[in-house]
Amino acid sequence: VNSINWARIIAQAVYYFYTYLQVGDSKPINFSVPTGNFGDVYAGYLSKKMGLPVNKFIVATNQNDILHRAISNGKYEAKSVHETNSPSMDIQVASNFERLIYDLNDCNDDETKKIMDGIKENGKYIISKDKMERINKDFLSASMSEKEVLDTIKEVHNKHDIILDPHSAIGFGSLNKINIDGNNIVLATAHPCKFPEAIDRSIGIKPELPDELKYVINEKENYD
């Protein structure tokens with residue numbers, strides 16, 4: 001289910017609440033979220049609007065960093081998309097960022113449409129200072145190069161014997177770049193076996209499918 005689907009946003013909001021209740025102490029809580037289409041982190045933002053006491057959301061991007069540029073300097077400007085080892089994040093104009101724009105414009109659909117039409121026509125949207133102040137109350141951001149992603153996978157494996165997929169490694173590495181106080185949570189977004197080439201380049205291991213999924217190799221493929 002693509003994150004443009006509202007049902008997925010609702011479902012993703014659940015684990016922000018679950019995690020907060022698991023942590024359960026008085027320190028501020030921050031979530032670092034690997035982000036391409038802005039859906040997962042927008043679900044966290046909605047959780048905060050519903051009353052969950054989250055301090056900051058870290059929007060963690062790969063080198064296709066339009067969201068990082070928007071949140072750090074107010075320039076939501078589309079550039080060429082580069083293929084990376086985190087393909088779910090190889091996006092420029094993020095569908096769910098439109099939902100944040102709608103929110104920042106006090107749910108004015110005419111103003112939101114005007115802005116989105118401008119993005120389609122000109123490829124960019126310069127966010128005003130007052131809206132940037134509202135964004136930065138909730139969001140920080142960082143981006144990771146291809147080398148940084150592979151280095152992070154290697155570092156985490158060497159220190160903790162855990163294999164992160166490239167997307168989750170972007171969340172982990174971005175959190176280290178931000179260096180924010182509190183209880184810091186990184187959202188892991190995929191199993192490393194989905195990205196064997198990237199894992200192999202980083203640590204020389206090709207992760208296997210989990211046992212409960214191995215049966216799919218021998219199943220008949222169906223498609224339209």
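Glu-208 and Lys-214 bring their side chains together in a salt bridge, with N and O 3.4 Å apart. Keep in mind as you look around that this is a predicted model. Across the whole structure, a search turns up 10 salt bridges, and the ones picked out below involve Lys-214 and the pair Asp-117 and Lys-113.

- Glu-208 is exposed, at 58% relative accessibility.
- Asp-211 is exposed as well, at 63% relative accessibility.

- Asp-117 and Lys-113 form a salt bridge whose closest N and O atoms lie 2.9 Å apart.
- Why can these two side chains meet? Both sit in helix α5 (residues 109-122), and because they are 4 residues apart, about one helical turn separates them.
- Asp-117 is partly exposed, with a relative accessible area of 26%.
- Lys-113 is exposed, with a relative accessible area of 52%; the cut-off for that class is over 50%.

**A general point**

- Side chains that carry opposite charge can pair when their charged atoms come close.

Definitions and conventions: Residues are numbered from 1 along each chain as its sequence is written. This is a predicted model: local features need pLDDT of at least 70, side-chain atom pairs count only at pLDDT 80 or more; totals for chains, interfaces and linings use all residues. Side-chain values use heavy atoms; hydrogens and water are left out. A salt bridge is a side-chain nitrogen of Lys or Arg within 4 Å of a carboxyl oxygen of Asp or Glu. Helices (H or I, at least four residues) and strands (E, at least two) are DSSP runs, numbered from the N terminus. Buried means under 20% relative accessible area, exposed over 50%, partly exposed in between (1.4 Å probe, protein chains only).
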